[in-house]
Amino acid sequence: MRHQGDVGAPDPVDARLGARLAELWAERGWSLGELAERSGISRSTLSRAERAEISPTAALLNRLCAVHGRTMSQLLSEVEAEPAPLVRAAEQTVWEDRTAGFVRRSLSPPHAGLRGELVEGRLAAGADLAYDRPPVPGLEQHLWVLDGALDVTVGQAAHHLDAGDCLRMRVWGATRFCSTGPGEARYVPAVVRP
């Protein structure tokens, strides 16, 4: 994935993602200005993401998913080729937000028609990742911590999770994930759309 300041040809995933986002805006008949107003993302940032000049951050993708009523995995699966019932570890889509210290691996075989999915998240030690809204209101997550420690805030409720702990939540508002251990936090959210 490209990051701000990178030079060269666009990353293929970023190019397909930008094209899919443009299709979604066009389907709704929205101008770039309307999308900027609905998402809270500047027109220039939206334009650069559409042209694959930048790789969108996790927070930016989350806002766009919220506007379009999709989970991040759904959106990313829409830019993949043919869906398959099996995806080998070496073929799983990995997306990285270097600025936030966040790496996301789509574990489930991509399929837009299914409601459930597994994802692996990795947050660098000390990383703090905040979302101002869920990509889909009422999204259900079962968050299982595999390694490290993670502080999760859902609305006003704060939870500390250690390796082996699992938190079930339904997300309607802001969430925050902080890696609090000496090493990275590695966790698997099982995500279920309402």
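The model is predicted: local features need pLDDT of at least 70, side-chain atom pairs count only at pLDDT 80 or more, and totals for chains, interfaces and linings use all residues. Residues are numbered from 1 along each chain as its sequence is written, and side-chain values use heavy atoms, with hydrogens and water left out.

**Stop 1: α1 and α3**

Select residues 12-28, helix α1, and residues 43-50, helix α3. Helices (H or I, at least four residues) and strands (E, at least two) are DSSP runs, numbered from the N terminus. The two helices pack at about 125 degrees, with axes 7 Å apart. Axes are lines fitted to C-alpha atoms, for helices over the stretch in contact; angles run from 0 to 180 degrees between N-to-C directions. α1 and α3 are therefore oblique to each other (under 35 degrees is roughly parallel, over 145 roughly antiparallel, 65 to 115 roughly perpendicular, the rest oblique).

Now show side chains. From α1 come G18, A19, A22 and W25; they meet L46, A49 and E50 of α3. Contact means heavy atoms within 4.5 Å. By class, this contact has five nonpolar, one polar and one charged residues (Ala, Val, Leu, Ile, Met, Phe, Trp, Tyr, Cys and Pro are nonpolar; Asp, Glu, Lys and Arg charged; the others, Gly among them, polar).

**Stop 2: α4**

Select residues 58-68. Nine of the eleven residues of α4 are buried, so this helix is largely enclosed by the rest of the structure. Among them are L60, L61, L64 and H68. Buried means under 20% relative accessible area, exposed over 50%, partly exposed in between (1.4 Å probe, protein chains only). Step on to G69, which follows α4 with a positive phi near 65 degrees.

**Stop 3: the cavity**

How many cavities of 30 Å³ or more does a search of the whole structure find? One. On a 1 Å grid over the protein atoms alone, a cavity is a set of points where a 1.4 Å probe fits but cannot get out; lining residues have an atom within 4 Å of a point. Grid points are joined across faces, edges and corners, and volume is the space filled by probe spheres set on them. The largest cavity holds about 350 Å³. Select M72, R104, Y131, Q141 and V191: of the 23 lining residues, these are the closest to its centre. The lining has 14 nonpolar, six polar and three charged residues.

**Stop 4: G116**

Select G116 in strand β3. At 46% relative accessibility, G116 counts as partly exposed. Leaving aside neighbours within four places in sequence, G116 contacts V191 and V192.

How values were computed: On a 1 Å grid over the protein atoms alone, a cavity is a set of points where a 1.4 Å probe fits but cannot get out, and a pocket is an open set with protein on both sides within 12 Å along at least five of seven lines; lining residues have an atom within 4 Å of a point.
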